[in-house]
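I opened my notebook to look up a few contacts and the surroundings of the ligand. Here is what I looked at.

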Amino acid sequence: MSSIVGAIGRKPAPAAHPIHELISERWSPRAFADRPVEAEKLHSLFEAARWAASTSNLQPWNFIFATREHPEEYARILETLNENNAKWAQAAPVLVVPVAKLYDFAGREQNSLYDLGMAVGNLVIQAVSLGLVTHQMGGFDTNKAHELLNIPEGYVPVSVIALGYPGSPDSLHPVLRERELAPRSRKSLDEFVFEGQWRQAAPDANV
Ligand SMILES: Cc1cc2nc3c(=O)[nH]c(=O)nc-3n(C[C@H](O)[C@H](O)[C@H](O)COP(=O)(O)O)c2cc1C
């Protein structure tokens, strides 16, 4: 995998069953290299999002991004983050705000959060393939995002994604550095995969 992500910034998932390395290599670091992301790579990230599946192909996703090369735009997104997130996320060269369109053309509520999640899933996996890392954050102020980013009614910003090239954990505050280096963990399959009915564990799902 070293061709995709270098040794710095890697924390592959200790998967219990074989999974694609683009999935095992995705994680959410807080350390970023002081290096801009090329425009063509940004295009590929949004192109990957574009080709996600969505309910009735309604594609209810939107993305507002800013790079550090445009400090005023960047500062507007940064300002939406809570203090803890802003501390480390300000080192990321790119911030992205995924925004869901809530209603379809007939004013009916659509499954847009699911669809937007599909698109972001594509984006973060495409990022791994390009040697980039992403860190999604729910810790931001939705009202501020609406106001500062001119997001109209009927649209909801659901997160902020910090993205860039991986950096050294040594660039982080010691507490965050410790988290950066901590092992990754997940529930076991038998806790959330059921065969046939709720809570009926699949016989081979135990890991
Ligand atoms: C929707 C969403 C919101 C999140 N919010 C935050 C956040 O506000 N701050 C933060 O440091 N990490 C946040 N995370 C990152 C998660 O903590 C992280 O994905 C989780 O611990 C699993 O780690 P991994 O992504 O490295 O596998 C968020 C992740 C997602 C998907």
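I began with a side-chain pair. Serine 188 and aspartate 190 are joined through their side chains by a polar contact of 2.5 Å. A polar contact is a pair of N or O atoms within 3.5 Å; within protein, one must be able to donate a hydrogen and the other to accept it, and residues adjacent in sequence count only if both atoms are side-chain atoms. I noted that this is a predicted model, where local features need pLDDT of at least 70, side-chain atom pairs count only at pLDDT 80 or more, and totals for chains, interfaces and linings use all residues. Residues are numbered from 1 along each chain as its sequence is written, and side-chain values use heavy atoms, with hydrogens and water left out.

Next I placed serine 188. It sits in the segment after helix H7 (174–181). Is serine 188 buried or exposed? Serine 188 is buried, at a relative accessible area of 18% (buried means under 20%, exposed over 50%, partly exposed in between, with a 1.4 Å probe and protein chains only).

Then I turned to the ligand. I found 13 residues around the ligand, and Ser28, Arg30, His135, Gly138 and Arg184 are the closest (near means a heavy atom within 4 Å).

The side chain of arginine 30 has an N or O atom 2.7 Å from a ligand oxygen. For histidine 135, a side-chain N or O atom is 2.8 Å from a ligand nitrogen. Glycine 138 uses a polar backbone atom, 2.7 Å from a ligand nitrogen.

Note on methods: Helices (H or I, at least four residues) and strands (E, at least two) are DSSP runs, numbered from the N terminus.
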